[in-house]
Amino acid sequence: MDAKPWHDRDSFWEDVAPFLFNEQRLLGTAAEIDQLLELVGMQPGMAVLDLPCGIGRHSCELAKRGYRVTAVDRTGAYLKRAAQQGKQIEAEIELVQADMRAFRRQEAFDVCLNLFSSFGYFEDLNDDRLVLQNFYQSLKPGGVLVMEMLGKEILARFFQKRSWEEIDEALFLQDRQISDGWDWIENLWIIVKDGQRRDLRLGHRLFSAQELKELIEEAGFRQTDIFG
């Protein structure tokens, strides 16, 4: 058995790719970018960091619209798909394979993106702090960081211990365990397809708006706006 934590295993990310990037989610990418541009007031030509970028769905859409995009992810298979997608739409994207705890490019970007609940993976809160510091140092003066995730206030409203759905002819079941302090969630994902079953376990930190705001400002950001 691989002793690495879930977020450091290639096999985990490759197994969940069909569910993270299903057809419905891919079709919604352009609308998500429309909302992002309206929120931030971004202008074509700006330098954008997408970290982690996954298979590059947001990166490619932004590059297609005239932004200078650097797409960073730790999973090589995802970057390969991003490169293929960029080639198909004739969009130029810089692709970098790196851990979010390690990537930092001093004052290089107008906007940094951390989307799709891609924060709070790490068991040590200091690693989350390091990620935010990397974003802060990578932004030009006056730059903007956009983070998108499910806050614990929202999760508490509709929390379900178990759920299931069918995606691309596979059965996807989830079992969720919340810590007593609502600061951590442990998930068991069960994937059944073609008679084969895969059990995947992952846990991540949960933040309230105020907790996340305090962590962001601790990293150096002067203003934090909360939406949702």
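Trainee: In this predicted model, why is helix 3 called roughly perpendicular to helix 4?
Mentor: Helix 3 (residues 29-40) and helix 4 (residues 57-64) pack at an angle of about 65 degrees, with their axes 10 Å apart. Angles of 65 to 115 degrees count as roughly perpendicular, and therefore helix 3 is described as roughly perpendicular to helix 4. The crossing of these two helices is right-handed.

Trainee: Which residues make the contact between helix 3 and helix 4?
Mentor: Helix 3 contributes T29, A30, E32, I33 and L37, while helix 4 contributes R57, H58, E61 and L62. Sorted by class, the contact of helix 3 with helix 4 has four nonpolar, two polar and three charged residues.

Trainee: What makes helix 6 and helix 8 oblique to each other?
Mentor: Helix 6 (residues 125-138) packs with helix 8 (residues 209-218) at an angle of about 60 degrees, and their axes are 9 Å apart. Roughly parallel requires an angle under 35 degrees, and roughly perpendicular begins at 65, so helix 6 and helix 8 are classed as oblique. Helix 6 passes helix 8 in a right-handed crossing. The contact is made by L125, D128, R129 and L132 of helix 6 together with L215, I216 and E218 of helix 8, and by class these residues divide into four nonpolar, no polar and three charged.

Trainee: Why are C53 and C112 called buried?
Mentor: Buried means a relative accessible area under 20%; C53 has 6% and is therefore buried, and C112, at 0%, also counts as buried.

Trainee: What makes N187 buried?
Mentor: Its relative accessible area is 7%, so N187 is buried by the cut-off of under 20%. N187 lies in strand 8 (residues 184-193), and not counting residues up to four places away in sequence, N187 touches D175, R176, L200, R201, L202 and H204. The C-alpha atoms of N187 and D175 are separated by 5.7 Å, although these residues are twelve residues apart along the chain.

How values were computed. Residues are numbered from 1 along each chain as its sequence is written. This is a predicted model: local features need pLDDT of at least 70, side-chain atom pairs count only at pLDDT 80 or more; totals for chains, interfaces and linings use all residues. Side-chain values use heavy atoms; hydrogens and water are left out. Helices (H or I, at least four residues) and strands (E, at least two) are DSSP runs, numbered from the N terminus. Buried means under 20% relative accessible area, exposed over 50%, partly exposed in between (1.4 Å probe, protein chains only). Contact means heavy atoms within 4.5 Å. Axes are lines fitted to C-alpha atoms, for helices over the stretch in contact, and angles run from 0 to 180 degrees between N-to-C directions. Angles under 35 degrees count as roughly parallel, over 145 as roughly antiparallel, 65 to 115 as roughly perpendicular and the rest as oblique. A crossing is left-handed if the near helix is turned anticlockwise from the far one by less than a right angle, and right-handed if clockwise. Ala, Val, Leu, Ile, Met, Phe, Trp, Tyr, Cys and Pro count as nonpolar, Asp, Glu, Lys and Arg as charged, and the others, Gly among them, as polar.
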